[in-house]
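Hello,

Here is the structure we spoke of handing over.

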Amino acid sequence: MGKSLYIAEKPSVAQQFATALKLAGKRADGYIESKEAIVTWCVGHLVTMSYPEAYDPKLKRWSLQTLPFLPREFKYQVIEGVSKQFAIVKALLNRADVDVIYICTDSGREGEYIYRLVDQMAEVKGKTRKRVWIDSQTEEEILRGIRNAKDWGDYDNLAASAYLRAKEDYLMGINFSRLLTLRYGPAISSYMKTDRTVLSVGRVMTCVLGMAVRREREIRNFVKTPFYRVIGNFEAGGTDFDGEWKSVEGSRYFQSPYLYKDNGFLERKHAEALIGALQKNQPLEAILKKAEKKKETKNPPLLYNLAELQNDCSRIFKISPDETLRIVQELYEKKLVTYPRTDARVLSTAVAKEIHKNIGGLKNFAPLQGFAAEVLAQETYKNIAKTRYVNDKQITDHYAIVPTGQGLGALRSLPPLALKIYERIARRFLSIFYPPAAYQKYTLELEADREHFFAGFKVLKEPGYLKVAGINQTQKKGKDEPQEEIVPENPAFVAMLETLKKGMSLPVKALSVKEGETSPPKRYSSGSMILAMENAGQLIEDEELRAQIKGSGIGTSATRAEILKKLVNIHYLALNGKTQVITPTLLGELVFDVVNASIRQLLNPELTASWEKGLNYVAMGSITPEEYMQKLEHFVAGRTYGVLRLNNQCELRECFEETGKNYLPSGGKGAKAGKTAANQGKNKNQEK
């Protein structure tokens, strides 16, 4: 009987498989072998797509005459820096005594692609290949994945989509980067007074650049509007509270042109005139026209997927999405959490049946051991399959990121930040086994001399999941939108609210003008950009609304952080390390101007998301790879010929002049970064 060969994506993962399989064997150069089995590994990608010069040496020189570049068959090559490991893997895959190959690369599209390229380049023949698909690296899950391994042919559609994704990024990157560099690079260099400019253009990265530039220009063109609110201070039972005036039917200013919306004035003098009119009546009394009280609940949020976790870590810990992914990947490899590169925010029904094991393990995690014990004692986990937190239809490759309940010995060696991120994942997980937070909501409407004032308060009655979630409940009032006030612990104030009844007369202690101004849109942070990419260009702040959005977004959970990192590295975007706020550089804006004037579709988030959805259709078998490839080649060729016919350099020069006005003439931070990038040589990174 022949040996089984297990091939993982990284050495550390290979060691986990060897441990789970209890291999008592020798560790050789690039693999571990026992009498029954061999475990080996890639080092990430071992094989990549060849550059155009591999097809024809003449293609090394960039020329418009050679575009569009659309090879009939694509060439691949071993990556030079890892050729030794490839040779080891190739020899093992083709060994005569190996009859079954277990593919243990990451359980996703990219992991599938990594192995398929190796298999293709190694020219493996006559072997049984089985795909191991796991959600965590615990010993139990690894052994389950091996037992349930399917024939690799079951993943052919996923592999096809992986190949297409790479071809799409390659063709768009090679063709459009060369095309726009040759047509417009000299114009940018002339404007910025640099030696040469190489434009890096890609399917996803150019769309993300467009999102950042459009937001910056919205902010730049925003004109602030000042407004003036009238605030009344009312007394009840020795306690006072504020109410905000609004124009309603019967008011002196109903539908007045002096108004900003219905709750303020465009000029202070009109707000003061209203106060003057009301103060003629002394003492001024207000009648309570409405005093409503109702209960309101807030459910625990859905579980973390990678985008949600990256957004929270950017907001709370001020770290980049790339850093978050690195840390959570480390937690995964230490068996502490489940697979991180997931878009799902729910559990599967199969996992729900065994979820008590995950909870039980957290009894050994000191900060949350009491909560874990409480969940187990009350057995609230038993009905979790009937809730919104379990839904097989919302899971593609993997379920949400949750703690495994295992590997807790590794916590002692974790850096403080990694420990904090693990705790956030665990708190979010335990939250779903707790009841909703319950509030008492009070809505008040008061009338004083035909004018109406409104107030709203929320009092936390039952913390529910909030006691484990660790969520800060303080709520800031926006500059131009009134919000309900969440009342802090104040028994006297709450007692006062309980006494209020419709028809009561309350003295108006004071009237004042509160000045505000409209706010421009917020700049993207690294985290909110990831969320916007996930939602196809829409930055949706509301957690529950995001959960309803269907579609694949821009890029994938596995690639979004890397795309953002690349845009920063090539100086198209600037990332503030302390705040994680993203701004475009001058060069980034000029590249945007070029793309906007030549291949505008690359800036369209919906179109970019539709390509990703098309790849998913290939993975599901809904469309064939040939159909997708035909559309891709048509798009690349059509846009290339379109740009070759354009003659718009003069118009672009005017556009550059307009854009440049927003940067310091001496070369501010953005301009300096832009010039650095513009002087760089031809970048051989394949654009995404």
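In this predicted model, helix 20 (residues 605-620) and helix 21 (residues 625-644) pack at an angle of about 155 degrees. Angles over 145 degrees count as roughly antiparallel, and helix 20 and helix 21 are therefore roughly antiparallel to each other. Their axes lie 9 Å apart, and the crossing is left-handed. On the side of helix 20, the contact is made by Leu607, Trp611, Gly614, Leu615 and Val618; helix 21 contributes Pro625, Tyr628 and Phe635. Sorted by class, this contact has seven nonpolar residues, one polar and no charged ones.

The next pair is helix 19 (residues 586-598) with helix 22 (residues 649-660). These two pack at about 145 degrees, and 10 Å separates their axes. Helix 19 and helix 22 cross in a right-handed sense. Leu586, Glu589, Leu590, Asp593, Val594 and Ala597 of helix 19 meet Leu652, Cys655, Phe656, Thr659 and Gly660 of helix 22. The classes in this contact are seven nonpolar, two polar and two charged residues.

On to the cavities. How many cavities of 30 Å³ or more does the structure hold? There are two.

Regards

Terms used: Residues numbered from 1 in each chain as written. Predicted model: local features only at pLDDT ≥ 70, side-chain atom pairs only at ≥ 80, totals over all residues. Heavy atoms only, no water. 1 Å grid on protein atoms, 1.4 Å probe; cavity = no way out; pocket = protein on both sides within 12 Å on 5 of 7 lines; lining within 4 Å. Points joined across faces, edges and corners; volume = space filled by probe spheres on them. Axes fitted to C-alpha atoms, helices over the stretch in contact; angles between N-to-C directions. Helix = DSSP H or I, 4+ residues; strand = E, 2+ residues; numbered from the N terminus. Left-handed = near helix turned anticlockwise from the far one by under 90°. Contact = heavy atoms within 4.5 Å. Nonpolar A, V, L, I, M, F, W, Y, C, P; charged D, E, K, R; others polar. Parallel < 35°, antiparallel > 145°, perpendicular 65-115°, else oblique.
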